[in-house]
Structure formats: C-alpha cells, structure tokens
Amino acid sequence: MSKKRLFCLVTALVLALSLLAGCGDGTTTPPASGGNSPAGNGGSGAAATGDKMFNVALTAPFTGFDPLRTNDSASTYVNAQIYETLYRIDPVTGEYNCLLAAELPQFSEDGLTATIKLREGIKFQDGTDFNSEAVKYTFELIKDPDFGSARASIAGSIESIECPDPSTVVFHLTYEDGVLTAKLAHTNSAIVSPTAQQAQDLMVNPCGTGPYKFVSSVSGSNVVLTRNDEYWGEKPAIKDVTMTIIAEESTAIARMETGEADFMPNVTVEQISRIEGIQGVKFETSEAAQIYYMCMRGSSCKNPVMAEKDFRIALAKSLDKDGFVQYIMETYADPAQSVLGPKITGYTEEAITHNIAYDPEGAKAILDAHPGWADEEITFLVPSTPAYNNMGEYFLANMKAAGFNNIKYETIDWSAWLTESKTDGRFDITLAAWSNVTRDGSELMEPNFHTQNGQKRIRYAGDTGAKVDEFIEKSKTTSDLAVRTENLLGVNALLQDEAYVQPIYHGVNLYAYSTAYTGVTRDPGGTFYLIDIKPAA
C-alpha cells in the first residue's frame with residue numbers, strides 16, 4: 001500500500017472516531033498543507049502578498065450564487081466564501097465548530113426541540129442584522145416547496161421555528177432528527193439576508209455574512225470576490241480573488257505553469273506527473289467522503305428493457321471498477337463495493353456483501369439467455385468534465401466487451417446534465433457523484449435516492465421506490481445509531497441487489513497550488529475556504 005493511501009485510511013479512522021465531538025473555539029483553522037517545493041522563476045512560485053490577486057482555476061462551471069438553490073461543486077466553491085452556516089465541520093478532526101452559532105444545539109429530552117444560541121453583533125454584507133429571524137427566514141425558505149431549494153431534506157424534520165429573542169432560535173421537530181447538527185453544517189443551509197433575498201436575485205448578486213464579498217461575475221467565465229473588511233471574525237489574509245472557469249484541464253495547468261493561476265481545486269490523475277514537474281507548485285491529496293457511481297433507471301428510461309432486473313445486473317457485472325481504479329486512477333481512489341463508504345455513518349462490513357463484482361462472462365451469459373438483449377439501444381449520458389469523460393470512455397469499452405452491442409454514448413455539458421439527468425425519458429444509465437459534506441449515511445441516501453426528496457435521477461420499477469423511502473425515513477428519524485445503521489444497510493442492500501446503483505469508487509481530493517501560499521486544503525466534503533489561505537512566510 002502506498003504512503004498516500006495509508007495516510008487516507010488513518011485519517012478516515014480519526015474522522016470516524018471524532019465526528020460526534022463538540023464545538024471548538026469558533027471557526028475552523030485546519031493545518032497548513034505541505035508546500036516545500038522551491039519557488040520558480042515564474043509567477044507560480046513567486047513571493048505572494050495578501051494584496052496580490054489570488055487566482056483559482058475551475059474546470060467545471062458554476063450555476064449560481066444562491067446557496068439554497070445550488071448544489072454543484074463549483075457554485076459551492078464560490079458560495080462557501082460569501083455565506084456562512086451555523087456550524088462548520090473541522091476537516092481534520094470532524095468536530096462541529098461553531099460558526100454563526102455560539103454553541104451546540106441543546107435538545108429536549110424527547111429530542112423534538114433543539115435550542116441554539118447565536119453569535120451577536122454580526123451583520124450581513126448589506127447591513128442587515130444577523131439574528132434568529134434571519135435563521136428562521138432561511139429555513140422556512142428551504143422548507144417552502146415553491147422556493148426550489150436544492151436540499152429541501154435539510155429542513156425535512158422541522159415543523160416550526162420560534163425566535164424568543166434575537167440571539168436564540170428554537171427548532172420544533174416532527175421527529176427526533178439524528179443528523180440535525182450535521183444538516184446545520186451543510187453548505188446548503190447557509191444563512192441568507194432576508195432583506196437581500198427579497199430585494200435581489202442571489203443567484204447573480206449574492207450577499208452573506210462571510211469573509212468575502214461579491215464584486216462581479218461573467219456568466220460561464222469568472223467571478224471576482226474581495227475581502228469583507230467588516231467581517232465579524234478574523235480577517236482573511238488574501239484580499240482579492242478571481243475564480244475562472246477553464247474547461248480544458250491542460251489549459252488550466254498551463255496557467256499554473258506561468259503563474260496565472262495559484263490554485264486548482266480539481267486535478268485528474270493523468271495530469272499529476274505534469275503538475276509535479278512544475279517548479280513552485282505543490283500537488284496535494286486530502287481525505288474525501290465521496291462516491292462516484294452509475295445510475296441505472298428501471299422506469300422513466302428511454303428503453304423499457306431497463307425495467308428487467310437481470311438486464312441491470314448484466315450492466316453492473318460488465319463494469320471493471322477495480323481496473324479503472326488501478327489503471328486510470330492509479331490507486332488515488334478505492335474501488336467501491338457498497339454505496340455506503342467506510343467514512344460514512346452507518347457503514348459496516350456487511351454493506352460490501354451486496355457488491356455486484358466485475359464478471360464479464362456472467363454478463364454475457366445473461367445476454368445470451370435473453371435473445372435480443374445484446375442489441376437493445378441503451379442511452380449512456382455522460383457529463384463532459386474530465387473526470388466523467390475518463391469513466392465514460394472506460395466503462396463504454398467494458399460494456400461493449402461484455403456483449404452490449406448498441407450503447408448510445410452521449411456527452412453533455414455539465415450545467416445541462418444537472419437539469420436533464422433529472423427529467424423523464426432522457427437516458428437509461430448515467431454517471432453521478434456525491435461529496436458527503438456531513439459524512440452521514442442518511443444525508444447520502446435521502447438526497448440521492450429518495451423518490452420524493454431526492455434528485456430523482458434514479459427511477460425505480462415496481463415497489464422498490466417505496467421500500468427505499470421506508471428505509472431512509474427510518475434511518476433519519478432516530479438518534480439510535482444501531483437503528484440508523486440497520487436501516488442504512490437496508491437501503492444500501494436494496495439499491496445494489498436490485499442493480500439500480502453500481503458504486504464505482506470512493507474518491508480522494510486531488511488539487512494543486514502555488515507554494516507562495518500555505519493553508520490550502522479541501523475538506524472531506526470537497527469544499528475549500530479562502531479564509532484558511534495565507535501567503536507563505
């Protein structure tokens with residue numbers, strides 16, 4: 001096992017043991033990442049100051065700047081700098097650190113009431129006071145089905161909200177929510193200014209309490225931020241930031257070489273050697289609570305044959321995910337044998353017993369036993385980002401080798417995929433990923449696989465959907481870990497036994513940055529925070 005892989009496994013154990021710890025002394029301050037490469041002659045390794053523009057190169061576009069209505073990674077990268085949540089999960093220890101909250105929730109004996117004390121004296125960037133009414137307003141928006149929250153499940157347990165005073169908010173719950181604190185640390189529960197939300201479109205003109213303010217944006221091109229000098233906490237060391245969308249990864253790396261970019265949050269494996277050869281640039285890895293998987297529809301698909309369980313099993317058997325991790329990911333990932341990953345609450349080794357292993361001969365046998373199945377046209381919808389392109393091409397070859405003769409391979413722009421992958425009759429199989437910000441099993445299963453509260457990319461045949469929903473509901477309506485685990489394992493087994501999900505790999509964050517800076521990291525949920533970054537001494 002490589003040293004990098006060993007490091008990841010050890011970190012995962014530490015994370016699992018510490019997840020339930022209490023609040024720290026305010027905002028999270030993760031340790032600085034490595035970065036001992038010598039400075040180069042170009043801008044990439046040149047001395048930096050806080051007044052130098054910090055340039056971030058993104059290889060996928062953002063969709064908007066309202067944290068309640070966006071859930072893609074690129075938008076989160078921007079929104080995490082402008083908005084804040086009540087809590088933030090420490091990227092190393094897994095502790096819940098108080099952010100806008102002053103202390104951890106205090107639960108009633110029956111678990112149906114959660115009282116939270118808030119920090120005082122904080123203002124939104126438009127001058128509006130942050131207080132309990134702002135928290136209430138935000139969560140009522142999340143609950144409102146007409147608003148269009150990206151993660152309505154975050155407020156699924158909240159019956160009503162009370163504000164006894166400006167610094168106290170009380171959540172009255174419909175059930176004992178075992179993951180409420182985790183939800184309050186999720187980027188999709190960031191608190192918005194009621195004044196700004198009613199006066200302007202936050203998707204294009206954001207306003208939060210965070211350490212950075214919005215300056216300008218060119219749709220599909222870039223966004224410019226500047227330090228919020230009225231920020232309530234420690235002021236960021238970096239003053240100005242530009243995040244630029246550069247779809248071609250090779251072009252983004254060229255900008256790292258010339259010093260036109262200081263940070264790439266996402267690097268694909270095949271570019272690692274090039275990154276490592278750039279003087280003054282550091283390639284880094286960090287632990288990720290992330291899974292990539294194949295979605296297989298059983299209804300609302302293009303081809304009705306997808307309703308046949310054996311057909312889906314044949315597709316699952318055709319995917320050489322071990323080979324993909326070994327030869328394409330070069331071991332910078334772990335082959336996934338279950339939907340629940342080992343870093344997620346609810347996982348036990350029982351989960352992997354439902355793995356459908358790579359078995360091309362078994363796939364061929366199923367096709368041979370059903371005349372005509374090999375020639376059925378199957379639409380394979382693949383987002384056109386570097387990571388998905390690699391997977392799509394590899395697994396297309398796998399399926400053809402296993403005897404599927406008529407796979408219609410269709411690539412689609414990332415922003416379009418986010419919408420079209422949720423529509424009826426659009427595809428038969430697609431690839432998806434989930435970075436689990438909360439590292440909780442219910443918060444993985446519900447937004448991805450619940451028939452009502454989820455993304456609705458997977459559509460089930462027969463009564464499977466009702467069974468999936470029942471397991472998920474039981475997993476989230478108690479704080480009893482044994483009961484939660486039992487039901488999370490139940491939904492995990494159902495998704496794999498019925499071949500609606502073929503897990504592919506559990507990822508590792510791969511990123512690169514100029515050694516002129518320290519404190520550059522990505523947390524297990526995949527997010528980075530500019531406030532952590534400082535010029536190197």
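Two strands count as paired if DSSP finds at least two bridges between them. Strand S13 (residues 290-296) and strand S17 meet that condition, pairing in the antiparallel sense over seven bridges. The structure discussed here is a predicted model. Its secondary structure comes to 15 helices and 21 strands. The radius of gyration is 23 Å, close to the 24 Å that the globule rule gives for 537 residues, so the protein is as compact as a globular protein of that length.

**Overall dimensions and surface**

- Taken along the principal axes, the C-alpha atoms of the protein fill a box of roughly 70 × 60 × 40 Å.
- Of the 537 residues in the protein, 59% are buried.
- The protein exposes about 20000 Å², and carbon and sulfur atoms supply 49% of that area.
- Among contacts between residues at least 6 apart in sequence, 72% join residues at least 24 apart.
- The side chains include 42 positive and 69 negative ones, and the centres of these two sets lie 3 Å apart.

**Strand S17 and its partners**

- Strand S17 spans residues 429-435 and is mostly covered, with five of its seven residues buried.
- On the antiparallel side, strand S13 is joined to S17 by seven bridges, and Met294 stands opposite Leu431 in S17.
- Strand S15 (residues 378-383) runs parallel to S17, and two bridges join these strands.

**The four-strand sheet**

- Four strands form an open sheet in the order S4-S5-S7-S6, with antiparallel pairing.
- Strand S4 (106-107) and strand S6 (158-165) stand at the edges with a single partner strand each, so one side of each is left without a neighbour in the sheet.

- Arg484 lies in helix H15 (residues 481-497).
- Residues under 20% relative accessible area count as buried, and Arg484, at 4% relative accessibility, is therefore assigned to that class.
- Leaving aside neighbours within four places in sequence, Arg484 is in contact with Val179, Thr345, Asp440, Ser442, Ser475, Lys476, Thr478 and Ser479.
- The C-alpha atoms of Arg484 and Gly441 are separated by 8.6 Å, although these residues are 43 residues apart along the chain.
- Val56 is found in strand S1 (residues 54-58).
- With a relative accessible area of 2%, Val56 is also buried.
- Not counting residues up to four places away in sequence, Val56 touches Val241, Thr242, Met243, Thr244, Phe263, Pro265 and Phe528.
- Val56 and Ile472 are 416 residues apart along the chain, and their C-alpha atoms are separated by 38 Å.

**Loop residues with positive phi**

- Ser300 is found in the loop between S13 and helix H8 (309-317).
- The phi angle of Ser300 is near 55°, a positive value in a residue other than glycine.
- Ser300 has a relative accessible area of 29% and is partly exposed.
- Lys456 is found in the loop between helix H13 (442-449) and helix H14 (464-476).
- The phi angle of Lys456 is near 65°, again a positive value in a residue other than glycine.
- Lys456 is partly exposed, with a relative accessible area of 33%.

Note on methods: Residues are numbered from 1 along each chain as its sequence is written. This is a predicted model: local features need pLDDT of at least 70, side-chain atom pairs count only at pLDDT 80 or more; totals for chains, interfaces and linings use all residues. Side-chain values use heavy atoms; hydrogens and water are left out. Buried means under 20% relative accessible area, exposed over 50%, partly exposed in between (1.4 Å probe, protein chains only). Contact means heavy atoms within 4.5 Å. The radius of gyration is taken over C-alpha atoms; the globule rule is 2.2 Å times the number of residues to the power 0.38. Accessible areas come from the Shrake-Rupley method with a 1.4 Å probe; for residues, only the protein chains shown count as cover. Lys and Arg count as positive and Asp and Glu as negative; His and the chain ends are not counted. The place of a charge is taken as NZ of Lys, CZ of Arg, CG of Asp or CD of Glu.
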